[in-house]
Amino acid sequence: VVLTPFDIYEIVNYLGTSFDKLLGENIVLRQNNKITLPYLKMQDKNKYCSFLDKKGRCKIHSKRPNICRLFPLGRVYKDNTFKYFLQIGNCPKSDLKDVKVKNWLGIDNYEENKKFILEWHNFIKALTFRLKFVRDEKEIEEINQILLDNCYRININNDDNFYSVFIKNLQQVKNKLGVI
């Protein structure tokens, strides 16, 4: 499960820790298409999430990652937007009631979150394209360090809004990395 900067922001603030302290025990860095991103660490041979307690309950449920909030919904991107769809047969609960996606996700500032998700998706897509042409391992490493430092290791004051600070940072990252 890949984590977005918003996921990390929520988890770090909820647990009162730092991104770097979560690395290893709860989060691992993995490279995919030359981009290094944080993923939830899966434990044991059964691949249980590292945030599950001994009873199998999520220890960060109120601040769980966006992808976990979605289940059993999926997201499809098209025409510079995205839509949600129900993955039929994936939820073990029977007699589900109709619920608006906004309420299902339970994220404050739903519209800002939706804009963030689209911005992040488009950025990762553009960065993936840019990295296709980079062959130098040192340059790839530098690009990934810029990405992690400026998107995942950001400090946001209590008075500031995650989304506005992040979008400002993202623009600086795009400029540094030459991503349109």
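Strands here are DSSP runs of at least two residues, numbered from the N terminus, and two strands pair if DSSP finds at least two bridges between them. Keep in mind that this is a predicted model.

**Exercise 1.** Find out how many bridges join strand S5 to strand S6, and which way the two strands run.

*Solution.* Start by locating S5 at residues 73–78 and S6 at residues 81–86. Next, count the bridges: there are six, and the strands run antiparallel. Finally, follow the chain from S5 to S6: the two form a hairpin with two residues between them. In that turn, Asp79 has a positive phi of about 55°.

**Exercise 2.** Describe the largest pocket: which element gives the largest share of its lining?

*Solution.* Begin with the space, which is about 490 Å³. Then look at the 22 lining residues; closest to the centre are Val2, Thr4, Trp120, His121 and Ile124. Elements that give two or more residues are strands S1, S2 and S5 and helices H3 and H5. H5 provides the largest share, with six residues. Sorted by class, the lining holds eleven nonpolar, seven polar and four charged residues.

**Exercise 3.** Now take the second largest pocket: how do its lining residues divide by class?

*Solution.* First note the volume of about 320 Å³. Of the 14 lining residues, Leu52, Arg57, Cys58, His61 and Arg64 are the closest to the centre. The division is ten nonpolar, two polar and two charged.

Notes. Residues are numbered from 1 along each chain as its sequence is written. This is a predicted model: local features need pLDDT of at least 70, side-chain atom pairs count only at pLDDT 80 or more; totals for chains, interfaces and linings use all residues. Side-chain values use heavy atoms; hydrogens and water are left out. Helices (H or I, at least four residues) and strands (E, at least two) are DSSP runs, numbered from the N terminus. On a 1 Å grid over the protein atoms alone, a cavity is a set of points where a 1.4 Å probe fits but cannot get out, and a pocket is an open set with protein on both sides within 12 Å along at least five of seven lines; lining residues have an atom within 4 Å of a point. Grid points are joined across faces, edges and corners, and a volume is the space filled by probe spheres set on the points. Ala, Val, Leu, Ile, Met, Phe, Trp, Tyr, Cys and Pro count as nonpolar, Asp, Glu, Lys and Arg as charged, and the others, Gly among them, as polar.
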